[in-house]
Amino acid sequence: MLVPTGDRTSPGSPRNLWIFGVLLFVVIAILIMISQVYRPRLLSDPFLQFPTENSVRVVWFTEFPGVRHTVHYGSDLERVAIASTTQLSRTREDQKSRVGNQTDGNSVYSKPTPRSVWRHEAEITGLTPGVRVPYRVNSIKNNDITVGSEVFTLAPTPPPTTPLKILLTSDHQLKPMTAANLQKVAETADIDAVFIAGDLVDFPDRASEWFDDNRGGAFFPGLQGKASYVLKKNGTKTTYRGGQLIQNAPLFPAIGNHEIMGRFSTEKDLNAQFNDAYPRFAAEQLYQQNAETINPQNNPKIKAEWIKNNSFNSDTYDEIFSLPNRDKNYYAVTFGDVRLVVLYATNIWRVPRLDADARGRYREREADFNRPENWGYGQHIFEPISEGSEQYRWLQQELQSPEFQQAKYKVVMFHHPPHSLGDNIVPAYTNPVQIKESDNSGNLTMIRYEYPKNQDYLIRDIIPLLENAGVQLVYYGHSHLWNRFVGGNGINFLESSNVGNSYGAFLGEKRRFVPPAFTETYTASGDPNGLEPVTPTLYPFLGEDGKPQPYIASNDITVFSILDTENGTVSSYYFDTRKPKSQVIKFDEFALK
């Protein structure tokens, strides 16, 4: 038989070996890519919590329960601390999440869907004040695959006289400039602690807002230098990574209104649930009306859970952080020369509109007049703080404590502003007074809310306590701008919340919306509580009239502040995101006397 004698290449020829090598390389590359995609990962880098004189806690998150989670620490990482693990109980994703492949035009979730997140915490003990120790974390999944972090450093509470630089920040909320802000913080100073005055995220039960929002601006990545937020200004795109801060410096948060979810639902999106906070007293009334159906055995746990699910909760925030006095969301700690007192001062935010369809600050929707289960009850306060309340009595005791009175710097932090040029300071911080109006036949024609200015709990009850106790700095957020004030006895009030964006400042001819023809006084311009804003001491911005402005309220300029305990100053800096290559500018500085 004749065999064709065309141009054939033997299997071992150089050409075939080359082809085989290329194919092998491609297969290996694909396998590596697949292994990276499906390899377990840490959902966050570790961060530091609740330091004491000889200990600190290390916390991190995964999406798997794992079989063993450890912190390795020491000069050679030779010591091991075993972490305890808990699952977050309310983290979910929904149709408005921006996670994985879900975008505005590509829906993955059709309704709120539970997302499993596990929290790991190890307490590192036996530490020496003033000595930093290397550490890293490891998590082992049940198939013996280990995933670990990079090496960072930890330390206990610094001893008195230690020079410290403490970041004062707030209102991150995945806003456009936040990652740029935190990146510039890390480039400007070595931060020893972070004080954040609330509103860490937008909707706290949405897991991706804490960990992996696909727009690149989630909370933990921003504070850990792992953000990837693209900011476009004047046609130029710049990617900001945030700053590697809380892996090495403890985080001390105050609770804000964006850490609190409203009534629980398996159908409504998480934004709607957040905006549906309902007062506890009203939920308790509904419970009593339906107790036989809801809880025929009168189980106290069922009662408590029902009332929580039908009013509001801060469960996700509470489960994420390790803080003193954890069940109360107000606490006090000593950090170096600073005694930090954190209060729970926040209320639900409602729209200021007065149209018939507004469930707002000042009225109920007309369609809901006869359906109290749908009322919003105005801007109701989440935690009592007025004179005589449990929190007020706790604060009185704290201000009399040796730890407070002996501290060189006395700092109080909470979310709601006592003095501000922003919009959110109006109306007064007090329980809404409900007013019902009816026609001659007894039919409801209006349900509205007044807020007596002379009953503002912060101004009437809290600030006098702080002034008498010698507090030097009251730090807060909420209105998304920078402004500061000085009280009659020298107490400093600072709002440094123009971090990710701004909603404006209201001074002179710039006026807030306030309800016309209401009984109480609602201030349209300036600080409603009577203080004049302080013009920045170094480089103030100029207004349209060419005069220095006593505030920064910008969606192009981002601001941060740093407390320096070595010289007792608070310095504020701005960065112009329209000029990505520009320098950070220190524009204001004042001393804590």
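Predicted model: local features only at pLDDT ≥ 70, side-chain atom pairs only at ≥ 80, totals over all residues.

Student: Okay. Which residue forms a salt bridge with aspartate 276?

Tutor: For a salt bridge, you look for a side-chain nitrogen of Lys or Arg within 4 Å of a carboxyl oxygen of Asp or Glu. Aspartate 276 has lysine 268 as its partner, with 3.9 Å between the closest N and O atoms. Lysine 268 has 45% relative accessibility, so it is partly exposed.

Student: Which residue forms a salt bridge with arginine 206?

Tutor: Aspartate 94, and the closest N and O atoms are 3.0 Å apart. Aspartate 94 is in the loop between β6 and β7, and arginine 206 is in the loop between β13 and α3, so the pair ties together parts 112 residues apart in sequence. Aspartate 94 has a relative accessible area of 0%, so it is buried. Arginine 206 is buried too, at 3%.

Student: Let's turn to helices. What should I check in α11?

Tutor: Start with its span. Helix α11 covers residues 457–468, which is 12 residues, and it reaches 16 Å from the first C-alpha to the last, close to the 16 Å expected. Next, see which residues are buried: Tyr457, Leu458, Asp461, Ile462, Ile463, Leu465 and Leu466. Those buried residues pack against α9, β19, β22 and β24.

Student: Which residue caps the N-terminal end of α11?

Tutor: Aspartate 456 does, with a side-chain oxygen 3.0 Å from the backbone nitrogen of leucine 458. Past the other end, just after α11, glycine 470 takes a positive phi of about 80°.

Student: Where is a positive phi found in residues that aren't glycine?

Tutor: Threonine 161 has one of about 75°, and aspartate 199 has one near 60°. You'll find threonine 161 in the loop between β11 and β12, and aspartate 199 in the loop between β13 and α3.

Student: Is each of them buried or exposed?

Tutor: Threonine 161 is exposed because its relative accessibility is 67%. Aspartate 199 is buried because its relative accessibility is 1%.

Student: While we're on backbone angles, where is there a cis peptide bond?

Tutor: Look at the bond from valine 426 to proline 427, where omega is near 5°. Proline 427 lies in the loop between β19 and β20.

Student: How do I read the surroundings of a side chain, say histidine 480?

Tutor: Begin with place and cover. Histidine 480 is in the loop between β22 and β23, and its 2% relative accessibility means that it counts as buried. Then check polar contacts: its side chain makes one with the side chain of aspartate 171, at 3.2 Å. Leaving out residues up to four places away in sequence, histidine 480 touches several others, including Gln173, Lys175, Glu495 and Tyr503.

Student: Last one: which residues form a nonpolar patch on the surface?

Tutor: Trp18, Ile19 and Leu23 do, with about 340 Å² of accessible area together. Leucine 23 belongs to helix α1, and its relative accessible area of 52% is why it counts as exposed.

Methods:
Residues numbered from 1 in each chain as written. Heavy atoms only, no water. Helix = DSSP H or I, 4+ residues; strand = E, 2+ residues; numbered from the N terminus. Expected span 1.5 Å × (residues − 1). Buried < 20%, exposed > 50% of the residue type's maximum accessible area, 1.4 Å probe, protein only. Contact = heavy atoms within 4.5 Å. Polar contact = N/O pair within 3.5 Å; in protein donor to acceptor, adjacent residues only side chain to side chain. Patch = residues over 30% accessible without salt bridge, like charges linked within 9 Å, V, L, I, M, F, W, Y side chains within 5 Å. Areas by Shrake-Rupley, 256 points an atom, 1.4 Å probe, with all protein chains shown as cover.
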